[in-house]
Amino acid sequence: MKKTIKDKDIREPLCEYLEERFGKCRIFEEKRMGKSRADMVMVLETEVWGIEIKSDADTYTRLSRQVKDYDAFFDRNVIVVGSSHGQHVAEHVPEDWGIITVEETEDGLDLYEMREAKVNPKRKLAFKLSILWRPELAHIQERYAMHAYARQSKKFVQDKILTLVPEEELHREISEELFERDYEKIAEQIDAYRLEHGQRKKRRTVRNKRKYKAPK
């Protein structure tokens, strides 16, 4: 009897596949964007990709909502599917989405790129920039000699960066900050930023994230 491929079976082989395919990259798991949660987010030198996993045990019930959110936030998007979805998945995602299929073999899971991901025509740089946290935005402000705007909202700062930093450069800046993100230190960094700028600390729980980073 053929084994049902589940989400947890796919993640590790998928990360290894992406690292081999793209070289320098970093992968975050379970990233909130809009009203959805991306299964994986892959950071490249100038792009951020959204990756949705639909295993043999999953359905397309929430996919239409997820597609809208992925399309707003990411430069390119990929859906990774178990063999049971391989024949019909193209009907459920836009033509610019990449498709990777996962098959069970005697040697383990085999991943095949059925369709290459193209640049997402609906991407919004403002939404992509919102992935960064306030201390990460501050790094960009410093590099471009911008005013700190310490008492202004995060949205205000994002709008200033979008106005003052050229788009091509900003794509690279976002990737650089995400490459350097440290989930074990980020709570302290955010609290230090808020203290330095006269703001109250926020009560929060920061979850550790599995991450994969290919050797440079």
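**Reading a Predicted Chain: A Dialogue**

Reader: Where is the place of alanine 145?

Author: Alanine 145 lies in the loop between α4 and α5. Those labels are given to DSSP runs numbered from the N terminus: helices are H or I runs of at least four residues, and strands are E runs of at least two. The model is predicted, so local features need pLDDT of at least 70 and side-chain atom pairs count only at pLDDT 80 or more, whereas totals for chains, interfaces and linings use all residues. Residues are numbered from 1 along each chain as its sequence is written, and side-chain values use heavy atoms, leaving out hydrogens and water.

Reader: What is the phi of alanine 145, and is alanine 145 buried or exposed?

Author: Its phi is near 55°, a positive value in a residue other than glycine. As to cover, buried means under 20% relative accessible area, exposed over 50%, and partly exposed in between, with a 1.4 Å probe and protein chains only. Alanine 145 has a relative accessible area of 71%, so it is exposed. Tyrosine 149 is found in the loop between α4 and α5, and it has a positive phi of about 50° although it is not a glycine.

Reader: How many helices and strands does the chain have?

Author: There are 7 helices and 7 strands. From the N terminus on, their order is α-β-β-β-α-β-β-β-α-α-α-α-α-β. Of the 216 residues, 48% count as buried.

Reader: What share of contacts joins residues at least 24 apart?

Author: A contact means heavy atoms within 4.5 Å. Among contacts between residues at least 6 apart in sequence, 61% join residues at least 24 apart.

Reader: How is pLDDT to be read, and what is its mean for the chain?

Author: It is the predictor's confidence in each residue, from 0 to 100. The mean for the chain is 86, and 84% of the residues reach 70 or more. Over residues 204-216 pLDDT stays under 50, and the model has 34 contacts beyond four places in sequence for them.

Reader: Which residues of helix α2 are buried?

Author: Helix α2, residues 63-73, is mostly covered, with 8 of its 11 residues buried. These are Leu63, Gln66, Val67, Asp69, Tyr70, Asp71, Ala72 and Phe73. Their cover includes β1 (26-33), β2 (36-43), β3 (48-54), β4 (76-82) and α3 (125-129).

Reader: How many residues has the largest nonpolar core?

Author: A nonpolar core is a set of buried Ala, Val, Leu, Ile, Met, Phe, Trp, Tyr and Cys residues joined through side-chain atoms within 4.5 Å. The largest one here has 35 residues, and Phe74, Ile79, Ile161, Leu170, Ile174 and Leu178 have the most contacts inside it. Elements that each supply at least two residues of this core include β1, β2, α4 (134-143), α5 (154-164) and α6 (167-180). Helix α2 gives the most, with 5 residues. Apart from this core lies another of 20 residues, among them Leu18, Ile27, Leu44 and Leu111.

Reader: With which residues is leucine 170 in contact, leaving aside its neighbours within four places in sequence?

Author: Leucine 170 then touches Leu125, Leu129, Ile140, Ile161, Leu162 and Val165.

Reader: In which sense do β5 and β6 pair?

Author: Two strands pair if DSSP finds at least two bridges between them. Strands β5 and β6 (residues 108-115) pair in the antiparallel sense over 7 bridges, forming a hairpin with 2 residues between them. In this pairing, isoleucine 99 stands opposite arginine 115 in β6. Strand β5 (residues 98-105) is also joined to β4 by 5 bridges, and these two run parallel. There, glycine 82 stands opposite valine 102 in β5.

Reader: How many aromatic pairs does the structure hold?

Author: Rings of Phe, Tyr and Trp (its six-membered ring) pair if their centres lie within 6.5 Å; planes under 30 degrees apart count as stacked, over 60 as edge-to-face and the rest as tilted. The structure holds 6 such pairs. The rings of phenylalanine 73 and phenylalanine 127 have centres 5.2 Å apart and planes at 50°, so this pair is tilted. It links distant parts of the chain, with phenylalanine 73 in helix α2 and phenylalanine 127 in helix α3, 54 residues apart. Phenylalanine 73 is buried at 9% relative accessibility, whereas phenylalanine 127 is partly exposed at 36%. Tyrosine 149 and phenylalanine 156 form an edge-to-face pair, 5.2 Å centre to centre with 65° between the planes.

Reader: Which residues do ring pairs link into a cluster?

Author: The cluster consists of Tyr70, Phe73, Phe74, Trp97 and Phe127.
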